[in-house]
Amino acid sequence: MKTLAATEMNGKELSQTIREELKSEVLQLKENGIIPHLTVIIVGDDPASRSYVRGKEKASKETGISSDIIELPSSTTEKNLLEKIEELNNDETVHGILVQLPLPDHINEQEVIESISPTKDVDGFHPINVGKMMTGNSTFLPCTPYGILTMLKAYDVSIEGKHAVIVGRSNIVGKPVGQLLLNENATVTYCHSRTKNLTDFTKEADILILAMGRPNSIHGEHVKDGAVIVDVGINRMADGSLTGDADFPSVAEKASHITPVPRGVGPMTITMLLKNTIMATKGMPAVGK
Ligand SMILES: Nc1nc(=O)c2c([nH]1)NC[C@@H]1CN(c3ccc(C(=O)N[C@@H](CCC(=O)O)C(=O)O)cc3)C=[N+]21
């Protein structure tokens, strides 16, 4: 039997360690009479979205963060949603606001993101916070990219000078994770659905970030020996199981490090949301500074 060459980067375990630290930060805040509070808004009844939102609520509770979920019907108008957000922006007891994406087609997602106060934008999606991230200034970092960076650092993966190849260019994962790796002095290549000869690029990656949402599509023969593989794909299969964008067994034989799905990037995303919520409670970062 072949042994697994790669170190598995276990986001679930690492999350437990970080969440213990966050718990004590929350306790300190509570000793000073401050209760961190996250409000999550979900529009419509997509089962996957509902399940993610429940995960966020459970994790908040376990960390001592108070949270509530505002459930709006899919028929909610954009105006209605914007009014709700305005209320939360003005509510001093609410420190973090997260609007679960995707939103129904009749609602302009960008308008909604821009209506959230940048000081409560724990997703890090507001253009002010995106801009600060781009210029390398301190801000709320988007949770999935921040989780990936935290995981790489925890497992002592060196980033400086490495060739990071990102497959997928969404605003919430691909683009920002490339930017964060660039900020850490990686050389970054973005690939996407129009990239020609994709595997010519994946084979060159020292750090390969898979965020295209195509189950088991990258195989061992498509990656370099010793590469670090971060699998952001969360693909629900017909039998109900979750699988990543990498064909785990064949990729793990060549990689030096790899994240599993589930228990890899997913739990880290939630952990960073908790961290951002605590940061929002502490009143950092100052906007415009
Ligand atoms: N405004 C907004 N912010 C988000 O951060 C956001 C969003 N919208 N929309 C949807 C995506 C998806 N997402 C996940 C978070 C955790 C897991 C996670 O914990 N997954 C577990 C498995 C969970 C299961 O079994 O279903 C794991 O990978 O081990 C997955 C997916 C956050 N998102």
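**Backbone features and the ligand shell**

Pro-102 sits in the loop that runs between E4 and helix H4 (109–115). This is a predicted model, and in it the peptide bond joining Leu-101 and Pro-102 is cis, with omega about 0°. A cis bond also leads from Val-261 to Pro-262, where omega is near -5°. Pro-262 belongs to the loop between strand E11 (257–258) and H10.

The ligand is surrounded by 18 residues, and the closest are Leu-101, Pro-262, Arg-263, Gly-266 and Thr-269. Helix H2 (47–63), strand E4 (96–99) and helix H10 (265–281) each contribute at least two residues to this shell; H10 gives the largest share, four residues. Domain 1 (32–117) and domain 2 (142–266) each provide at least three shell residues. Sorted by class, the shell holds eleven nonpolar, five polar and two charged residues.

An unreviewed UniProt entry annotates residues 142–282 as "domain: Tetrahydrofolate dehydrogenase/cyclohydrolase NAD(P)-binding". In the model, this span is 36% helix and 17% strand, and its end C-alpha atoms are 18 Å apart.

Asp-156, in the loop between helix H6 (143–154) and strand E5 (163–167), is not a glycine, yet its phi is positive, about 55°. Asp-156 counts as exposed because it has 8 C-beta neighbours inside 10 Å. Asn-185 lies between helix H7 (174–183) and strand E6 (187–191), in the loop there. Asn-185 is not a glycine either, and its phi is positive at about 70°. With 12 other C-beta atoms within 10 Å, Asn-185 is exposed, since the cut-off for that class is 12 or fewer.

Methods:
Residues are numbered from 1 along each chain as its sequence is written. This is a predicted model: local features need pLDDT of at least 70, side-chain atom pairs count only at pLDDT 80 or more; totals for chains, interfaces and linings use all residues. A residue is near a molecule or strand if its C-beta atom, placed from the backbone, lies within 6 Å of it. Ala, Val, Leu, Ile, Met, Phe, Trp, Tyr, Cys and Pro count as nonpolar, Asp, Glu, Lys and Arg as charged, and the others, Gly among them, as polar. Domain bounds come from an automatic or database domain assignment. UniProt positions are given in the numbering used here, feature names are shortened, and annotations may be inferred rather than shown by experiment. A residue is buried if 20 or more other C-beta atoms lie within 10 Å of its own, exposed if 12 or fewer, and partly exposed in between; C-beta atoms are placed from the backbone.
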